[in-house]
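Please open the structure in your viewer and keep the selection tool at hand.

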Amino acid sequence: MAFYASAASQEKVNPDPREPQRSEVIPGMRPLARPLVPVTLALMAGIAAPAWGLRLPESWLLAAAIALWATLALLWWRRRPARFLPLILFGLLGVAFYQQAGQPDFPPAHLTKLPQNQSLTLFGHLNRPGKLAGERVQLGMEEPKEEDKDDWVQFGKLDAEKKYKGGGVQLFMAAEAWRSPWGWRPATGNLLVLAPVPEPPTVGTGLVIRGRLRRPATVQDPGTFNRPRYLAADGLFREVRLSDSHRLIFLAETQDYPWAERLRGGIRELLKGMDPAVRAIYLAMLLGDQGEVSPSMRQNLARTGTSHLLAINGLHLGMVALATYLLSFWLLTRFPRLLLRVNALKIATLLAAIPVVFYAHVAGGSPSTQRAEVMVLACLLLFVLERDNEVWSALALAALIILSLSPLRLFSISFQLSFAAVAALIYLASFMPKRLKEKDYFDNLLERLFYLKERVTYWIKEWFIVSVVATLATAPLVALYFQVVSILGILVNLVAIPLVLLLALPVGEAAVISQALSMTPVAQALLFVGKIPLWMGYQAVQWGAKISGSAITMPTPTWLMIAAYYGVLILVFYPRRSYLTWAGAGLAGLVLVVAIAVVLASGPGPQVLGNDLSRGLQWAGEGGGDPGEPAPGGFRSGIP
């Protein structure tokens with residue numbers, strides 16, 4: 001009996017003798033299900049801390065990092081739980097990343113080391129596609145000082161009667177040499193050149209400019225957009241403003257232009273002759289060029305909450321990936337024998353990544369495009385690895401990669417809007433309508449029509465909920481940066497997104513691919529077909545913008561209001577609601593109401609000064625760099 005008792009006890013300890021007995025798990029060392037999420041949040045908090053005033057010397061950061069590494073190594077060796085120490089380490093890394101990105105150690109020949117605020121002759125090449133500035137407005141000012149005559153827009157007294165409309169471009173130049181009193185000397189660094197030329201030349205074009213190196217213009221009003229920090233995220237720490245096109249010389253190229261630039265030029269030629277609005281939107285969506293978007297179009301898009309249609313973001317690349325996935329999967333299912341050998345779902349997912357990379361490359365590789373590319377590719381990777389339920393990890397991985405490469409992207413408006421919308425869609429996924437069961441066989445035509453009606457109803461419900469969730473998630477950020485909230489944005493997006501992004505965009509991308517394969521007639525036919533849903537989508541935008549009260553302006557919310565708003569949103573829709581969550585939601589709602597009441601009772605906030613207004617108009621004329629970036633001083637171009 002003792003033998004059987006000992007055997008039974010041994011079986012309880014180790015039920016399968018062939019499996020090695022696992023060591024006892026130490027309390028507090030249970031691994032997290034999704035470690036990327038808290039790690040990314042800690043990195044974000046560390047990057048944001050210096051912007052709120054936390055500045056640490058490099059020696060302190062280095063000492064703290066070494067101490068944390070030593071502590072973590074000791075805890076691992078002693079098999080003790082690390083708890084929150086790794087998060088503190090990533091927070092310190094975020095602080096170090098921000099300080100290094102904002103004030104890097106420049107080499108001796110960098111543009112920041114050259115003589116400033118005096119005329120210099122610089123030579124270099126264009127390393128990024130330029131941007132048209134559209135209808136640039138130059139303000140009439142008092143007679144400028146002699147040292148300021150090289151500036152594009154002079155700052156002085158605003159004269160609304162004197163306006164000059166002209167063309168202009170932003171050129172992104174990689175400096176190679178500068179002319180010193182002792183001859184040409186090497187130079188390094190990227191330079192933003194604002195020049196009065198009709199169109200930007202192709203990437204790789206050599207140029208010689210003569211102008212003054214200056215720090216990017218900033219605004220002193222509280223709460224305004226930090227333009228120098230935004231440009232620093234692109235590695236741009238100096239700019240040159242040219243008032244005369246004779247101060248800029250483009251050099252003749254001895255080699256062929258890059259293939260991507262020739263393709264972009266071919267697409268521009270094919271779009272000539274189209275309706276101006278259709279051409280402008282297609283240029284913005286396919287090539288990332290918003291230069292032909294008129295102020296009236298921007299006003300219509302802003303009033304209806306559809307400005308995101310112009311910026312190449314995750315929604316654009318996601319639609320391209322979805323269309324490619326569906327088409328590839330349908331083609332693979334036409335070959336039953338092939339399905340016995342390969343996984344059609346994984347093959348279609350891998351094929352969907354090809355046009356995503358191609359689209360991002362042709363669109364010029366802007367920061368918002370690169371961010372969207374990383375997000376979409378991370379999601380596709382999870383599908384291939386059969387980890388499609390780990391969408392939070394995919395989102396965290398995309399943010400971690402982007403912030404590790406460029407920490408200052410955290411303060412980009414498009415970054416915040418994109419990740420807020422996607423995070424809200426993931427968080428509220430349980431409220432999405434249940435998927436319909438696929439049905440391949442129908443007894444009669446009436447049954448087929450009824451099933452089609454159910455699918456259409458499901459799609460409408462899904463699009464409506466997605467539009468509502470994205471609007472609720474981004475409303476406080478839109479109010480913070482633009483002081484305007486669209487009332488009809490949900491309904492207009494419900495019509496515009498399927499027409500523009502689900503129909504017109506994939507057809508336009510197919511036209512770009514056809515042009516890349518030298519199939520110009522096919523590309524022209526595809527663009528002719530794609531302009532129809534694109535025109536219909538913009539007509540819906542125009543109709544919504546004409547309705548009185550389609551958008552309302554509001555005071556700039558404080559960060560306390562934004563935090564309380566998101567607290568209410570998170571707790572009200574918490575998956576496992578209880579009395580505590582409802583109490584927390586009520587408390588957050590009370591804080592939000594009190595904060596709004598205090599702001600309204602204190603009267604209007606600080607007004608934008610005339611000097612800052614002129615800078616805001618100038619920033620609006622520059623195109624704002626990244627799509628969706630506001631003008632400094634809270635100026636909202638084209639929003640009534």
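Begin by selecting helix 6 (residues 259–271) together with helix 11 (residues 344–362), whose axes come within 10 Å and cross at roughly 80°. Because angles of 65 to 115 degrees count as roughly perpendicular, helix 6 is roughly perpendicular to helix 11. Please bear in mind that this is a predicted model.

Next, display the side chains where these helices meet. On helix 6, select W259, A260, L263 and R264; on helix 11, select F358, H361 and V362. These residues make the contact between the helices. Which classes of residue does the contact of helix 6 with helix 11 have? There are five nonpolar residues, one polar residue and one charged residue.

The next stops concern backbone angles. Most residues other than glycine have a negative phi.

Select R79, in the loop between helix 3 (58–77) and helix 4 (85–102). R79 is not a glycine, yet its phi is positive, at about 55°. Is R79 buried, partly exposed or exposed? Its relative accessibility is 45%, so R79 counts as partly exposed.

Finally, move to S518, which lies in the loop between helix 16 (489–516) and helix 17 (520–546). S518 also has a positive phi, of about 65°, although it is not a glycine. Is S518 buried or exposed? With a relative accessible area of 64%, S518 is exposed, because the cut-off for exposed is over 50%.

Note on methods
Residues numbered from 1 in each chain as written. Predicted model: local features only at pLDDT ≥ 70, side-chain atom pairs only at ≥ 80, totals over all residues. Heavy atoms only, no water. Axes fitted to C-alpha atoms, helices over the stretch in contact; angles between N-to-C directions. Helix = DSSP H or I, 4+ residues; strand = E, 2+ residues; numbered from the N terminus. Parallel < 35°, antiparallel > 145°, perpendicular 65-115°, else oblique. Contact = heavy atoms within 4.5 Å. Nonpolar A, V, L, I, M, F, W, Y, C, P; charged D, E, K, R; others polar. Buried < 20%, exposed > 50% of the residue type's maximum accessible area, 1.4 Å probe, protein only.
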